[in-house]
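Q: Could you take me through the metal site in this model, up close, and then show me how the rest of the chain is put together around it? I'd like one connected walk-through.

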Amino acid sequence: MEASKANGRLDEAVGLPDALLKRLRAGELWHAVLLVGESSQAERAARWLAQALLCEAPRADAPCGRCRSCAQFSAGSHPDFWASGDKGLKAGDVEALQAWLATKGHGTRKVYVLRGADEMTPVAANRMLKTLEEPAPETYAILTAQSRQKVLSTLRSRSFTCLLSASPPFLSTDPTSIAVVTRATSAEDPSFAGLMERVIEWTQTWQSGGATPWELAASWQSIAKDVPAEDGLLLLAEWLRELMRVRAGGQAERFGAWEEAVRRIAPILEVEQYAACVQAVMEARLRLQSHVALLLNLEQMCVRLREVTTSW
Ligand SMILES: [Zn+2]
């Protein structure tokens, strides 16, 4: 009981998404996982995940920190664990890794970490493709990157991307938004009635490129006219965070009633694009405190949103 409590805290500390933790606990983890986040956080998350996969305790308690495997892992001497250097994988590393993979494991599983998948040389990345495509049974690859966008698409397509949730602060749910989102989604507050449907429609118009930034700004002002401007923008930011969460492999959490729309819209942009959009919206919300006219402020925001969707 104590151990699982401690693990619960650790899960939070490393910021791994629930979808990944559920799969890990069910023994159904993907063979290749790409962890995207700030480098020290991605490193911690990768090590935690590797230790959990190798731990000999029941899955719900892993990593237990007490078994022989955990002791070897902490001592840096686990024979079934391999990690590349932190400067990005070189072609020579791939040979060393493949030689290690070809040896018989000491336990039932092997885990390797490829650090800096976004800095990997193209030659090294190409040599890894076959290994990632045809994983040996009970062999797990954990890739880390600061930018998903910079990871070669051939590598991305062979691994499951997980965005680490505690990355820059604007990525995680803003506590001040809880009241606003609750009002918008409970439909009890008349000023919010039908607002989410209009937000969804607006999102689609923006993403399809069917309107100019000025038209988008005017349309946003009109659909959110019954709520304070800062609440409307907070709702938009949370809506984009939800799309980002689902894009990164998580579950719809805050807009569950519109799950069908979330699932349909989320794949349109990449995780990093959603992150940039959230930032643009939060910046516009901050500008509300200055003397910039509302429509001009919204237009600035929409210019940025259009840039993110069209030029990445
Ligand atoms: Zn253990």
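A: Let's start with the metal. Four cysteines hold the zinc ion through their SG atoms: Cys 55, Cys 64, Cys 67 and Cys 70, at 2.3 to 2.4 Å. Keep in mind that this is a predicted model. The 4 donor atoms make angles of 103 to 116° at the zinc ion, and the site is tetrahedral. For comparison, the ideal angle for four tetrahedral donors is 109.5 degrees.

If you want to find the donors of the zinc ion in the sequence, look for the spacing C-x8-C-x2-C-x2-C.

What about burial of these cysteines? Cys 70 has 0% relative accessibility, so it counts as buried. Cys 67 comes out at 12%, and because the cut-off for buried is under 20%, Cys 67 is buried too.

Now zoom out to the chain. It splits into domain 1, covering 2-167, and domain 2, covering 170-310. Taken over C-alpha atoms, the centres of domain 1 and domain 2 are 34 Å apart. Where the two touch, domain 1 brings 14 residues to the contact and domain 2 brings 12.

How much area goes into that contact? Domain 1 and domain 2 bury about 920 Å² between them, and 56% of that is on carbon and sulfur atoms. On the domain 1 side, three residues stand out: Arg 148, Gln 149 and Leu 163 supply 46% of the area that domain 1 buries against domain 2, more than any other three residues.

Arg 148 forms a salt bridge with Glu 270, with the closest N and O atoms 2.3 Å apart. As for totals, there are 2 salt bridges between domain 1 and domain 2. The polar contacts between domain 1 and domain 2 come to 3 residue pairs, with both residues at pLDDT 80 or more.

Notes
Residues are numbered from 1 along each chain as its sequence is written. This is a predicted model: local features need pLDDT of at least 70, side-chain atom pairs count only at pLDDT 80 or more; totals for chains, interfaces and linings use all residues. Side-chain values use heavy atoms; hydrogens and water are left out. Donors are N, O and S atoms within 2.8 Å of the metal (3.2 Å for Na, K and Ca); water is not among the atoms, so sites may look incomplete. Four donors count as tetrahedral if all angles lie between 85 and 135 degrees; four count as square planar and six as octahedral if opposite donors are over 155 degrees apart and all others between 65 and 115; anything else is irregular. Buried means under 20% relative accessible area, exposed over 50%, partly exposed in between (1.4 Å probe, protein chains only). Domain bounds come from an automatic or database domain assignment. Contact means heavy atoms within 4.5 Å. Buried area is the accessible area (1.4 Å probe) that two parts lose on being put together, summed over both. A salt bridge is a side-chain nitrogen of Lys or Arg within 4 Å of a carboxyl oxygen of Asp or Glu. A polar contact is a pair of N or O atoms within 3.5 Å; within protein, one must be able to donate a hydrogen and the other to accept it, and residues adjacent in sequence count only if both atoms are side-chain atoms.
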